[in-house]
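Good morning, everyone. Today I want to talk about two interfaces. Please have a look at the screen.

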Amino acid sequence: MPLLHELKLRFASDDDIFFQPDHILHIPVVFIGLTSLLDLIQTKERLTKDAFAKQGLAADDAGLLRQLGESIDTGDLRSAVTSLLSGKMIVFHKPSETFIAVEAASKPLTRSVEEPSDESVIHGPRSAFNEDIDTNLGMVKRQLNSDKLAVKSYAVGANSRTRINLLYLENQVEPALLTAIIGRFESNKELDVCNLQQLSRMLGLPSWAAISPYIRTELPQDTVHYLMRGKAVLLLDRFPCALVLPNDLWSMLAVQNDLNYPRLFTLSFRLLRLAGVLCHILAPGLYVAVVSVNPEILRIEMALTVAQSRLGVPYPALVETLILLFVLEMVMEASVRLPKSIGPTITMVGGIILGQAVVSAKLVSNLLIIILAAATIANFTISGFVNSISIRLFKYVILLLAAFYGILGLLSGMVLVCAYVSSVTTFGIPYAQLARKSRG
Amino acid sequence: MDKTLQVIVMCIVTHLGLMFFLFPSDVMETVDVGHWLPILVGYLLHFAFVALYTKGLAYYDRHDLIDIFLTGGRTIAVLLLLPLAVYFIMVNIITVRAYSEIITIVFLSNTPLWAIMALLLTIPTYIAMTGIESIFRTGMLLAILFLPIVLFVICVSFHNTDWHYLFPLLERDSFNFITERPFLKSLFIFTGSFLFLGFVRPTVTYNRRRILIASWILLPLVLLSVYIPLLTFGQDTASMLQFPFILAVDTIDITWLMFDRITGFFLLGMVTFVMLFVGLVMWATNRLIHRCMPRVRPEWITLMLGMVIFAASLFVRDWGSVHRLFWWNSIFRIYAFSVIPLATYLFGVMKARKLQVSP
Amino acid sequence: MIKVMRRLCRILLLLAAVPLLHGCWDNKDINHRSLPLVMGIAKQQDKYRIYLQIPSSDPQNPQMKVVAESGRTVTEAVDRISMNMESQVDLLHLKVILVEKHFAQEGMADIIEGFIRARDISPKAKLVICNESLERFFENMKTAIAGNQTILCDFFDKNAGWNPSIAQTHIWETFRSIHSYTRDVIAPIIQTGKDTIIENVGSAIIKNGKMVDRINPNETLLYYAFKGASTQGKIEVLDHASVLIVNNTVSHHGKIVNSKPLLRSTIRLKVSVLETRGDPTMASIRQELEEIEAKRFAKLFKKMQLKEADILGVGQYFRTDLSRSELSHWRSVYLPKAELQLTIKAIIQNNGNLKTTGM
C-alpha cells in the first residue's frame, strides 16, 4: 500500500488527519480526512444512504465504492493531497487497493451572507460577498442571469493554492484586456497570491502606483454592473471582495445604487461627490495659499477674520496645516483599528477634547479646524475606500506646491494631479477614460 | 480610436491660454479703430492654413508629418523640419519666459523668476513625458475643471463695459496694418497650437470637418479678448496697458463672491492651459528630435529638452529682450504658419496624383 | 528597463524640486501683514504725506491705527511706514484713497498712474477727496470710532451706506478719464461731521486728474440719473411734497447739426409720494418735480461746459459721428458749443396708503 503509506508520511506532522477504519453497508473501508475541515458523522451518514441507493448498480464492492466518488490512482499522491486539503474525504478499500475521493459535509467555516460592512447601501440590495468563493460566484450568478457570463477558474501558488475565478461577459469584455489577464495567469501560475500586492505582481501591474488598478466592491450589484460595462472581475477565495479590472475615474463618483433613484438625484449625488473630491484635495492647499501667499484673494472682511483667528499661532500656515492633518490621519487610522465598541471614544477624544484644546491653546487657528474637518468629511463622500486613499495622498502634493507658489501652486498642483491621473493605464486601458465605450 | 472631441478641446484650451495676455495689446498697437479687422484677418489666415494642413494630412493615413516629408527624401525632410524644430524650441523658451514674467508682474512679486520658470517647466516636462494620449486626457480633465471658471470670468467681465467704445467701427486707411510689426507679432496666438495635429496621426484619429467647424468657437473668444478691455477702458487708455485684459478683469466688483480678486483665478487658470500648451509643444519637439536620434529614450530627450529650455530662459535678461526674441521668432513663426501647411498640402496632392497614375 | 528609466526620471524631477525648499519668497502669514484699508495722501511742499488706516486684528483692542509718514514718492513713504511697523504693510486690500483737497486741485495724475502701474493697489479702490486737512480728519475719526474698523469702506459700499447722492469713482475710472478724450469723472468730497462720523458735501469734478470744480449732492444725483445708473431709493424734496424715486430710465440720442453736437435726452423718473405740504394735486407735484430737475440739470451742464470737463460722458454719444482726430478735440472744441435738449418725464407711480385726488 504505497499511497496510504505515503499519505501517512506526508501528514506525519499534521495531527489533524484521521485514518478511521469503518464500514459502508457491509464493506470494510478506511476513512481518511482532515478533522478540521469535514464533519465525519454527517459524511458517513450521507455515504451510507448513497451506497444503499446504488447497491444494485455495481457488481462488486470496489465497483460500488467507485460510484460514490472519484477514484484516485494509487500512484497519484498529489491529487490525493489536494483533495484532502480542499476538504474532501478519501475512502480506502483495502481488498481492491482503491482510493476514492468523496464530497464531504464541510464544517461551517464561512459566515453566512450578511449585509455589507464597508459599503453601506441605502434602499438597495443588501447582500454582500463573504469569504467563500463559491458563495460569491453564486451571488454574482444570481444577480446576473445571462448565458454570456463566462467563468474561468484558476488555482495558483506553489506553496499555498489559492482559487481565483475570472468572470467576464463574453460580448462586452475588451478582448485585449482578457487575453492580457489570462496570459498573466497562465505564465505566473507558480506565484503565491495571499494579498493584493502579490496579485498585482502576478498580473504585472505597477506596484508603486498611487491609484489602485482594481476597483474593490463587496456588493454583487456593483460587480454585475461593472461586468456589463465590459470589465473583468476577479474573485479570490477567502477574500470578501470582488476585484474589478481595470479601475476608472468614474468609479470614484458613481455608486451603482445611485441608479435606484430618480435621475435628478443621481446627477446631484454625483456632482456632490465631485465637489467632495475637489474640496478634499483643494481646501487645505487653498487655506495655506490664501493665508500665507495670496491674501489679496480674500475679501477684506474675511481677511480680517482670518488674521484674527491666526493671532498668536506660533508657526507658519504650512506647518500648522501639516500638524493638524497628521493628527487627523492618525485619528482616521486609529478608528479603523479599534473595535466598534471603543470607536466612539476616539471620536470624542479626537473631536471634542483635542480639537477644542488645540484651539484654546492657540496652537492652530480655529478656521483651519473648520476647513480640515470639512475636507475630511468631503473625503468620505467619495465612493470606494481605495479611491479615497489615493485622493488623500494627492492633497499633500497640492498643499506643498500651494505653500511655495500660492494660488499658482494650487492650480499647477491640480495640473500635476490631472496629468498623473491621465497617465495611469491598466492593461492599456486608461484610468481617465471618460467616454464609456459600449460594445456589442 | 476617434478622438475628435479631445482634439477640439485641446485646440481651444491651448489657444485660450495664449490669447488673453500679449495678444490684446498687440492688436491695440496695430490699429486705433476697427480692431475686429486685424483679428478677423488673422483668424481667416489661421482657418485657411488649418484647412490646408488637415487636408494635406488627410491624404496620408496614419502618417505623421515626419513620415510625410520623408517620402520626399531625407534632405527635403530635414530642410523643411529643421526650422520647425527651431521654432518649437523658441516658442517654448519664449512662452515659459514671458509667462513667468507675467506672473511676477501680476501675482508673485517677490518670488524669483527662476523658481517660477522651474515650475512652469517641470510640470510640462512631466506632461510631455506621459505621451500624447495622456496629454489629451489631461487636456480634457483641465477643461472640465477650469473652463467653467474661465467662462464665468469672461461672462462677468462685461460688468464695466461701455458699448459706445465700440465705435467708430472703421476708418478709411485702416488696411495698412498687414505688414506692421505688431500685427505680425499678434499672429502668434494662431500659429502655436494647430501644428501638433500633424504629429498625432499615428495614434489618434479625428474628424477633419468637425475640427474645422469647431475652430469657429475661437473667433468670438479672440474678439472678446480684445473687445472687453477696449469696451471697458477705451482705445486710448487700453493701449497704454501691458495686459489690458487682466486689468479689465481686475475692475470687476462682485460683492457676493467670497473672493475679491478673481483675476487671480482667471489668470492662473490660463497659466494651467499654457502649461499644457508647453507640454504639447515639447512633446512635438521630442518627436522631431527622437526621429533624428532613435537610440535615445524619448524620456531622456524630453528631460534634456526641459533643461535646455530652462537654461535658455535664464539667459533672457529682461522684458525687452523677451519682446525682441518674440519678434525674431516671427520669421520662423510665419514659416511654420504658412510653409508647413502648404508643403503638407502639396505632398498630399502629389501622393494623390501618383495614386491616380499608378493603378 | 523602461520602468526603471521612468522611475529614475521621476526621482530626478523630484530632486530638482529640492532647491525650492529653500525659499518661500512670497510666503508671509496673514497675521504678520498689516492690511490698511484707507490711504490718505496730502502734499506738503515737495513731499507726499501718506496716512494709512490699519484695522487692528486684535479683538481685545479694536482701536483703529493711523500711521503717517512723508516721502518724495508714495512708495517711499509706505516703505518707511513698513520699516517702522512690526509687520509688513500690504497695500493689496486698500479700499479707499483719500486725497486732500489742495492736492487734488494741484493734480494727481502721477499717483493714479503709479497705482495702476504697481498693481498691488487694487484698481477697484475708490477715490475720495477730503475737504479738511487729513491730519484733522483722521484725528476726528480716531476719537469717533470705537469698534467699526471698516467705516470708511462701508460709507461707500453699495451694500451698506452708499446712496446715489454720493459719487463713487474707482481708481481705474479716474485713470481712464485721464487718457480718454470724451470722459471725465466726479469724486465725492467728504469731511468729518458733527453727529455722523462722515459727511458728504458734494462731488469734485476731476478733469485729467485735477479737481477743477465741485457740484452739490443734488447734482450728483442727476449725474447718476443721466448715466442711467439706478437712483432708486433716493428722496427728492420739492416745495409742496417729498417723493421717493422708485425707478429711472434714460435714453440718449446724439447727432451733429451744423458741426454742433446736439444731444436729445429723456430721463423718466418713477416716483411715489411720501409726504405733502398743503394740498397739492398730483399733476402739480409732477410738474414741480420736472421743472426743478430740469433747472438743476441745466445748471450742471453749464458748469460742465464752462470747465470743459465732460463728466457726463456726452462725447460718448458722438463716437459714431466724429472721427478719432475730431474726438481728440472734443473737450475744447465741441463740448462748449454742445446743446442739450433734455426732457424729464416724471411718473407718479403711486401715492402710498392715502388716496389723493387730481391725478
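One term before we start. A salt bridge is a side-chain nitrogen of Lys or Arg within 4 Å of a carboxyl oxygen of Asp or Glu. Keep in mind that this is a predicted model.

Let's begin inside chain C. Domain 1 of chain C brings 22 residues to the contact, and domain 2 of chain C brings 25.

How many salt bridges does the rule find across the interface of these two domains? The count is 1. As for salt bridges in chain C, here is a pair to look at: Arg331(C) with Asp184(C). Their closest N and O atoms are 2.9 Å apart. That pair counts because 2.9 Å is within the 4 Å cut-off.

Polar contacts come next. Across this domain interface there are 10 residue pairs in polar contact, both partners at pLDDT 80 or more. On the domain 1 side, the strands β8 (185-192), β9 (198-207) and β10 (210-215) of chain C each supply at least two residues. The largest share, 4 residues, comes from β10(C). By type, that side of domain 1 has 10 nonpolar, 7 polar and 5 charged residues.

Now the area. The two domains of chain C bury about 2100 Å² between them, and carbon and sulfur atoms give 54% of it. Which residues of domain 1 lose the most area to domain 2? They are Pro164(C), Tyr181(C) and Thr182(C), together 34% of what that side buries.

Next, chain B against chain A. Here the contact takes 36 residues from chain B and 31 residues from chain A. The buried area is about 2900 Å², with 77% from carbon and sulfur atoms. Three residues supply 19% of the area that chain B buries here: Leu119(B), Arg137(B) and Leu141(B).

What about salt bridges between chain B and chain A? The rule finds 0. It does find 3 residue pairs in polar contact, again with both at pLDDT 80 or more.

On the chain B side, look for helices. α6 (113-129), α7 (132-156) and α14 (263-292) of chain B each supply at least two residues. The largest share is 9 residues, from α7(B). By type, the side of chain B that touches chain A has 24 nonpolar, 8 polar and 4 charged residues.

That's my tour. Thank you.

Technical notes
Residues numbered from 1 in each chain as written. Chains lettered and ligands numbered in written order. Predicted model: local features only at pLDDT ≥ 70, side-chain atom pairs only at ≥ 80, totals over all residues. Heavy atoms only, no water. Contact = heavy atoms within 4.5 Å. Buried area = accessible area lost by both parts, 1.4 Å probe. Polar contact = N/O pair within 3.5 Å; in protein donor to acceptor, adjacent residues only side chain to side chain. Nonpolar A, V, L, I, M, F, W, Y, C, P; charged D, E, K, R; others polar.
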